[in-house]
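Subject: Structure handover

Hello,

Please read the notes with the structure open.

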Amino acid sequence: MASHHRSAAMDRAELFRTVRQATLNHARLLSHRLAARLPHILAVTLLVAVAPLVPPSSSLAGAPRALRDWARANAGLAAAACAGLAAAAYAYAASRPRPVYLVDLSGYKPGPAHEATRAQSIRHFAVAGRFTDESIAFQTRMLERAGVGEATHFPASLLTVPVDMSLRAAREESEAVVFGAVDDLLAKTGVLAQDIGVVIVNSSLFSPTPSFTALVVNRYGLRHDVVTHNLSGMGCSAGIIAIDLAKHLLQVHPDTYALVVSTENITLNAYLGNHRPMLVTNTLFRMGGAAVLLSNRRADRRRAKYQLVHTVRTHRGASGRSYGCVTQEEDDGGNVGVSLSKELMSVAGEALRTNITTLGPLVLPLSEQLRFLGAVLLRRVLRADVKPYVPDFKLALEHFCIHAGGRGVLDELERSLGLSAWHMEPSRMTLHRFGNTSSSSLWYELAYCEAKGRIRKGDRVWQIAFGSGFKCNSAVWKALRTVDDAGETNPWAAEVDRLPVHVPKVAPIAFDDDHQAPGKEDDGHHAA
């Protein structure tokens with residue numbers, strides 16, 4: 001009985017939080033719409049207030065003269081009205097958020113020397129690591145089910161025997177990625193380094209001294225008053241966090257550009273031990289990075305690709321289960337790696353539900369919002385046996401860029417959000433071609449949409465990312481023009497015509513006929 005009462009109390013508390021959040025979202029949306037129409041409201045209010053004081057005129061043509069005569073006769077009142085209107089207009093202009101435009105983006109594509117097939121990567125793990133046969137067999141099975149293709153990229157440091165996990169090698173990898181992406185971005189946009197006022201770099205697992213932002217400032221000779229922020233330890237969702245931070249900084253630093261760089265370092269974060277929860281990352285994470293140029297200059301609207309509409313950040317770190325599901329730690333042998341909990345999918349689902357509860361009222365039509373709220377009331381108040389209602393975001397958004405964290409994550413979001421294979425294609429092809437490049441995967445996905453000529457003027461793009469902590473973050477962009485970018489600097493340019501390809505749920509790895517797959521001699525004993 002006590003447990004029943006506790007469950008009922010928890011349900012009431014959850015219902016209260018859901019309704020409260022929905023109410024706050026509606027109030028916020030209403031206040032934004034009210035602010036957007038403030039000049040019209042002020043003008044109408046002034047006319048209504050002044051009209052009774054103006055003597056009636058015999059004709060419409062005489063109205064200006066009558067108004068002038070009234071103003072002369074009531075100079076104090078007219079001056080006060082004009083001053084009030086001017087003050088209100090100034091306050092509106094000062095408080096109105098500055099638009100944030102995405103001028104262009106660049107995804108780094110390593111050269112052919114960095115490519116490795118799945119068979120090559122497994123063989124290299126077997127030779128270069130200290131893995132048991134069981135661990136090699138486990139990684140083989142994971143890689144066959146991961147959705148990763150035959151030409152993903154590794155840093156040169158991990159393609160040697162023995163592997164070179166030194167600080168020097170890690171710097172070389174990160175510099176190649178960061179400089180490659182930023183060089184291409186600046187060349188495409190023609191923006192001078194001296195015009196960049198904000199620099200944000202996110203790299204979760206590698207944070208050297210001097211910082212990545214200092215590295216960028218030094219390399220490109222940025223001005224002395226540039227505002228820099230270096231984000232680390234924030235997982236695969238840090239790219240959206242960086243965009244959200246840039247959005248806020250662009251509200252207080254007028255007429256400038258913000259350079260956002262998202263990357264991850266693989267050299268220092270390969271796992272060479274035999275603890276299964278830490279082996280999965282070896283099969284997923286690959287070399288990559290992206291750079292994005294944002295602007296709050298109104299003149300850039302004509303050439304910008306997108307305008308940032310919404311960012312929504314969800315942090316579930318108050319829950320111990322959420323906090324501990326993705327952690328960097330040492331195994332019993334002192335090997336450092338990232339451990340993934342079996343509860344990861346459940347935690348991600350909870351974070352996603354919290355995130356869309358906030359995002360939904362900002363983008364969804366009212367009908368979908370009412371259906372969502374009605375389902376909550378039926379389940380929590382009336383105890384009806386109905387499934388949770390997931391709003392149809394396809395009614396408000398045309399394109400979905402979901403973090404390519406792994407096949408399981410993509411399968412679950414496709415099912416829960418009711419998305420089609422077409423909607424999932426950018427994420428699945430990014431995972432297949434580039435692997436999990438952490439926070440930069442969202443930009444490879446958007447570049448895929450551009451290379452395929454999918455983006456039309458007015459389309460809305462939803463970027464969804466998950467990260468340790470545990471976090472779920474969203475960004476919604478509106479296309480300011482039709483974007484058909486399959487140029488040679490697009491990371492997909494060389495192969496976009498051959499995509500998409502079918503990626504089976506299980507893709508056996510084709511090892512050479514002359515060699516048995518590493519660790520396969522007792523695979524039947526260890527098969528999952």
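A residue is called buried under 20% relative accessible area, exposed over 50%, and partly exposed in between, with a 1.4 Å probe and protein chains only. This is a predicted model, in which local features need pLDDT of at least 70 and side-chain atom pairs count only at pLDDT 80 or more, while totals for chains, interfaces and linings use all residues. Residues are numbered from 1 along each chain as its sequence is written, and side-chain values use heavy atoms, with hydrogens and water left out.

Salt bridges

The structure has 31 salt bridges, each being a side-chain nitrogen of Lys or Arg within 4 Å of a carboxyl oxygen of Asp or Glu.

Asp 255 and Arg 297 form a salt bridge at 3.4 Å, N to O. The two residues are 42 residues apart, with Asp 255 in the loop between helix H9 (238–252) and strand E6 (257–263), and Arg 297 in the loop between strand E7 (289–295) and strand E8 (306–315). Helices (H or I, at least four residues) and strands (E, at least two) are DSSP runs, numbered from the N terminus. Asp 255 is exposed, at 52% relative accessibility, and Arg 297 is partly exposed, at 22%.

Arg 303 and Asp 300 pair at 3.1 Å, N to O. Here Arg 303 is partly exposed, at 32%, whereas Asp 300 is buried, at 6%.

Glu 343 and Arg 321 are joined by a salt bridge of 3.3 Å, N to O.

Asp 104, Asp 184, Lys 188, Lys 305, Glu 450 and Asp 485 belong to one network, joined by salt bridges that share partners.

Cavities

A search of the whole structure gives 2 cavities of 30 Å³ or more. On a 1 Å grid over the protein atoms alone, a cavity is a set of points where a 1.4 Å probe fits but cannot get out, and lining residues have an atom within 4 Å of a point. Grid points are joined across faces, edges and corners, and a volume is the space filled by probe spheres set on the points.

The second largest cavity has a volume of about 40 Å³. Its lining includes Leu 105, Ser 106, Gly 107, Lys 188, Lys 305, Glu 450 and Asp 485. Strand E1 (101–107) and helix H16 (441–451) each give at least two lining residues, and E1 has the largest share, with 3.

The largest cavity holds about 40 Å³ of space. Gly 147, Arg 407, Leu 410, Arg 428, Leu 431 and Val 503 line this cavity. Helix H14 (407–416) and helix H15 (421–434) are the elements that give two or more residues to this lining.

Strand E1

In E1, 7 of its 7 residues are buried. Strands count as paired if DSSP finds at least two bridges between them. E1 pairs with E7 in the antiparallel sense over 6 bridges, and Leu 105 stands opposite Val 292 in E7. E1 also runs antiparallel to E8, with 2 bridges; there Leu 102 stands opposite Tyr 306.

Regards

Terms used: 1 Å grid on protein atoms, 1.4 Å probe; cavity = no way out; pocket = protein on both sides within 12 Å on 5 of 7 lines; lining within 4 Å.
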